Amino acid sequence: MADSHLKGKTLTEENTSRLLKHFSGEGPPVNDRWAALWDAGDFLPWDQGAPNPALVDVLSDRTDLVGSTAFVEDDNGARRRKRALVPGCGRGYDVLLLSSLGYDAYGLEVSTKAVEEANAWASQHLTDYSMRDDAVGRGTAKFIVGDFFSDNWLEQANGNGRFEFIYDYTFFCALAPRLRPSWARRCWDLLSEHPESRLVCVEFPTSKKLSKGGPPYAAPSSAYLAHLGHPGREISYDIEGEPESLEGGEFEPGNGFRRIAHWKADRSHPMGQGMDWVGVWQRSI
């Protein structure tokens, strides 16, 4: 496993204020503003320099939830590698981790510069990510420029437009809350119907209030539960960032994703350490 080549960063009040200013007011579309930060390269407070320890722990310690193998049989009985997607992958540390475990892993970014940085990191540090099993080997690690909500990039992901593993960290919270119904619906559309398919969300920032703005926007566990349980449903929030239509503290189960496990992460990146939660989801049967 690769050690961090960059010191892990905390998301200071100064950094959050600078992000808020960058994304406030009239100006270019949001995707272009993210790309501008990558182009400048001097302010990337989310870049932690290594895979998220919370994801490392899920993949190594919770094979009861995510499976013990990176292979799956398709509808025709052919054995192939599971396909993993990391939207908002940055320099691709988590993509390389998944690849080292045998997944065909794809990182998606709106920034051409970010993808260039990810490819450069992979070329220099791929062997830092040791393979879990030599017999399984290393899967694909590919970085793609594209908009998560568009289909234009899917043909570059070498498959049928579905993935057996989707990982979200600092992507959900980067989206304005009005986009969360579309995010949940898109996750639903992209996650394979195979019974072993999983969506893993490391929830961040869980303690921030929605009134503080973003990105990162407030992302309490209840928000993931509300949106993923009801993909595409419009959901309103109170000023603290909690979904408003709660029954007995939680949304009633819907026809979307089912959360099969949820726990406070023992380890995570410094900016979320002690506050991040892990949710593991599957499509409702």
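Two strands count as paired if DSSP finds at least two bridges between them. Helices (H or I, at least four residues) and strands (E, at least two) are DSSP runs, numbered from the N terminus. The model is predicted: local features need pLDDT of at least 70, side-chain atom pairs count only at pLDDT 80 or more, and totals for chains, interfaces and linings use all residues. Residues are numbered from 1 along each chain as its sequence is written, and side-chain values use heavy atoms, with hydrogens and water left out.

Strand β9 spans residues 277–283 and pairs with β7 (residues 198–203) in the antiparallel sense, over five bridges. In this pairing Val-200 lies opposite Val-280 of β9. Strand β8 (residues 257–264) also runs antiparallel to β9, through seven bridges. Here Trp-263 faces Val-278 of β9. Six of the seven residues of β9 are buried (under 20% relative accessible area, 1.4 Å probe, protein chains only).

Helix α7 (residues 180–190) is largely enclosed by the rest of the structure, because eight of its eleven residues are buried. Among them are Arg-180, Arg-186 and Trp-183. The buried residues of α7 pack against β3 (83–87), β6 (165–168), β7, α8 (221–229), β8 and β9.

The largest nonpolar core holds 68 residues. Such a core is a set of buried Ala, Val, Leu, Ile, Met, Phe, Trp, Tyr and Cys residues joined through side-chain atoms within 4.5 Å. Phe-165 and Trp-183 touch the most other members. Beyond its neighbours within four places in sequence, Trp-183 is in contact (heavy atoms within 4.5 Å) with residues including Phe-148, Asp-168, Cys-201 and Tyr-224. A second, separate core of six residues includes Leu-19, Phe-23, Trp-34 and Leu-37.

How values were computed
Buried < 20%, exposed > 50% of the residue type's maximum accessible area, 1.4 Å probe, protein only.
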